[in-house]
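Hello,

Please find a structure handed over below, with notes on what turned up in it.

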Amino acid sequence: MTRPSINDRRHFLKTLGLGGATALGMAACSTKPFDEAEPLAPTSTPTGSVGEEAAAPRATPQPMTAVDAAPLEERTLVVIELNGGNDGIDTIVPYNDPAYKDLRPNIGLDTSEVIPIDGEVGWNPNMANLAQRDLAVVQGVGMPQPDLSHFESMVRWQTGDMTGEQFMATGFFGRLCDQLDVGDPVTGLSIDVAPSPALNSEKAVTLSIPDPSDGGWLMSDDDWMRQVRSGWSTLSGARDAARPLLEVGGTNMAEALEFLDTLEQLPERADDLYPGSYLGELLSTSARMLATNTGVRIIHVPWGSFDTHDEHRGSHDYQLQLLDEALAAFLTDLDDRGLADSTLVATISEFGRRPGENAGGTDHGTASMALLAGPVNGGLHGLYPSLTDLDDVDNLKMTVGMDQYYATIAERWFGIPATDVLPGSPELLTSLF
Amino acid sequence: MSMDETAAQLAHVLRRLTFGPHPGDVERLRSAGADGVIDALLGRTEDDGKVRAHADHALLELPDSALRLEWDDFTLWWLEQMGAPSSGLHEKLVWFWHGHFTSTASKSGDAAMVAQHAKLRRHALGNFRDFAKAMVTDGAMMMYLDAAGSQGDAPNENLARELMELFTLGRGTYSEQDVREAAKALAGWWVDWETGETEYDEYIAYQGVIRFLGQRGRFTPEDIVDIICDQPSCAPFIAAKLYRYLVGVEPSPERLSELAETFAGSGLEIGVLVQAIVDDPAFLAERNTRPRYAIEWFVAAHGVLGTSFDNKDLLWMLDGLGQRPGYPPNPAGWPEGDRWLSASASLVKANVLFNAFFKDEDDATFPFDEEDAVTDALAYCGLYEPSDTMLKALDEAYWSPFDADDVNLLLVQLALTSTEFSLA
């Protein structure tokens, strides 16, 4: 039997103008160590049981009122995951503490360059842009029984399980997405090549896209491409009881196709605002996603190379400079797009660094700093951890639990009871909002 | 429901033990059968030339020409080895160990990475203890995990920790004190970034006695590895990881302890462990139980397309797919699990294929019978137990209004972007 030919792929390819180079703008992402943690272990603990142990009635969450912010249903969260373990001590520097120089005689900052916040602590000199932005600095965030493994600690941050004993199948941000889900194509988005355990959810769709802004050509209105999409659509329905992975792949493929539809709404880039860095790219894309009103409520941005075992001074300063430039640009972009009152930016990192230096750098530590930007009360929150009263392996003792930080974001930013998304009933950091 | 059990089984063996199957492999090997192919891949039969991936073809040493390449060119050379018809189990394990004893070209430098690769080839099916000793003083490894320049009086803990947590024992089998003590024993080395050559420096090495995993003494890095390899948690840790790679699922506790016993009893011979895993009926039974890693998908897809690995753009594609050789995301290597079937993975795969098709637009033709194009396309892609959905999708494509060459292309395009082709 002979098929009629009404088109051919050459026409299609020429229409698209595809050259030899990659079409999906695969930016250099090979040089970012620690951009993922291990996948979560499977668990028999249903997520629904997370809050049950803390069944005591709590007052209805009181969302923030101190700073003008958008209505609850418009609020979004951008999580910047600083991979490798960011040194809190050289981010917010205790420049007046003599113990600082004792602990870091070789790699310590010249404290005269620190940008003071108060008489005790100040910003790393490479964070001059953010220092002017009235960010909230949450000091001493960590875990009561910390673990010095990147992978274990990152899993705890991603799942919101401070003890490491709950083995939750969902991520903390995935559970927030479940609460925020109103049936949109995507509620949580990771700007990365692979999904993050932090966004593992029960019902909300959470996706990862390396660079969503460049996938639009797959939606090309062309005979060939329509046929391909039709084929994908059929393939995405593949099910086979003997091969459960077919359903996993098929579901993801269907979600990707649905998400592609939304990409056509993406507004223009604000490139001139941003430094030409990889983080700048990721945040520029994030701003455009937030401006599309596609239903995305949480964007997860894994980035960075903070594992400064060696050459700490230069490499940590450089990471902070990249963060400072890109995040400051992002805040301006959000402002320009009218999103400043609806977007909260929060940083997480698996742990801080050891206060005492090794010969040229810092080994794995415990408590660190978290930064919040957006409609939040700026300035210092929580207590700076002591540099002299250390734990049994010479690391900082936390002053604020990771779960308190998360609980405050859940309740005060999203109006979601913390006990619905976290184990226990962590005390809120009421000064933040 | 399998349409052709023999073919399906052969395709399974080749997916798990090689970077294939490539077009024609299954048909060519039908007479040898799955057991015959396994025997040949393990080197248990004479090389009669029937199984081109016979163990005798393993490239245990790097040719001089490859040793001098910069990392990007070396990566293309390596991809060529993976995609070669003679590539077999050894090549598949070289990749496994690259994701296990991790180092990255962005930190360690090209010469050191290539030199490390030569060790991966030498030890891939050798003795694990010797392998770990070679890696703990490897230049690329010491640069990646900051042992290079580490000083005994203020040692850097990075390598000591990951050596135990990720490379040999697993978390929870040692104390923070053990990390600190091992770090002292691993201090005392410099690495030349340009050449990857290592040099011991007694002035920065730790000279005292340390206490490590219950033993006291003045220990060299090799001593540290010996003490680690004698721990009861070492054999099961390695056995479980290799089992997941080859079988696709977690071993049962009973099966794992059998394998660990076999592995430990052999003095940690990797070849013995591999045989024990592959010879168990579970190996043939657990079909399609894990995703193909991006590199497996990429090499197999390029085998179908017949393209050569001669273009550095391919490296950016592997980057986009999340698995560029020499650039693991972190010291734990590339994660296992369903992430390789993610939504983003499907979009990036589509993009990779469009690029590949475009490059060859004038000569991308496939030898499919016009009457049996769907069946031929599936076999060409190594898919011998297509789901009903796959058959439906390809049938729809078959009846699309394009000319025959374009229909063939569409069939291959859809087969390669399907979840079925993305499973190992």
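Both Trp71(B) and Phe74(B) are buried (under 20% relative accessible area; exposed is over 50%, partly exposed in between; 1.4 Å probe, protein chains only). This is a predicted model, in which local features need pLDDT of at least 70 and side-chain atom pairs pLDDT 80 or more, while totals for chains, interfaces and linings use all residues. Residues are numbered from 1 along each chain as written, chains are lettered from A and ligands numbered from 1 in written order, and side-chain values use heavy atoms, without hydrogens and water.

Aromatic pairs

Trp71(B) and Phe74(B) sit 3 residues apart in helix 5 (residues 71-83) of chain B, so about one helical turn separates them (helices are DSSP runs of H or I, at least four residues; strands are runs of E, at least two; both are numbered from the N terminus). Over all chains, the whole structure holds 30 aromatic pairs (Phe, Tyr or six-membered Trp rings with centres within 6.5 Å; planes under 30 degrees apart are stacked, over 60 edge-to-face, the rest tilted). Trp71(B) and Phe74(B) are stacked, because their ring centres are 5.3 Å apart and their planes lie at 25°.

Phe101(B) and Phe131(B) make a tilted pair, with 4.9 Å from centre to centre and 55° between the planes. This pair links distant parts of the chain: Phe101(B) is in the loop between helix 6 (89-98) and helix 7 (105-108) of chain B, and Phe131(B), 30 residues apart from it, is in helix 9 (residues 128-136) of chain B. Phe101(B) is buried at 1% relative accessibility, and Phe131(B) is buried at 0%. Both rings also belong to one aromatic cluster, which includes Trp97(B), Phe167(B), Tyr245(B), Tyr293(B) and Trp340(B).

Salt bridges

How many salt bridges does a search of the whole structure find over all chains? The count is 47 (a side-chain nitrogen of Lys or Arg within 4 Å of a carboxyl oxygen of Asp or Glu).

In chain A, the side chains of Asp181(A) and Lys203(A) form one of them, at 3.3 Å from N to O. Asp181(A) lies in the loop between helix 5 and strand 6 (188-190) of chain A, and Lys203(A) in the loop between strand 6 and strand 7 (206-208) of chain A, so the bridge ties together parts 22 residues apart in sequence. Asp181(A) is buried at 18% relative accessible area, whereas Lys203(A) is exposed at 53%.

In chain B, Asp279(B) and Arg44(B) form a salt bridge whose closest N and O atoms are 2.8 Å apart. The loop between helix 16 (270-278) and helix 17 (281-285) of chain B holds Asp279(B), and the loop between helix 3 (33-41) and helix 4 (64-67) of chain B holds Arg44(B), so parts 235 residues apart in sequence are tied together. Both ends are partly exposed: Asp279(B) has a relative accessible area of 44% and Arg44(B) one of 33%.

Glu91(B) and Arg121(B) form another salt bridge, the closest N and O atoms being 2.7 Å apart. Glu91(B) is in helix 6 of chain B and Arg121(B) in helix 8 (residues 110-123) of chain B, so this bridge ties together parts 30 residues apart in sequence. Glu91(B) is buried at 5% relative accessible area, and Arg121(B) is buried at 0%. Elsewhere, salt bridges with shared partners join Arg354(A) and Asp394(A) with Glu157(B), Arg161(B), Glu176(B) and Arg180(B) in one network.

One last residue

Tyr398(B) is in helix 22 (residues 388-398) of chain B and is buried, at 8% relative accessible area. Its C-alpha atom is 63 Å from that of Asp223(B), 175 residues apart along the chain.

Regards
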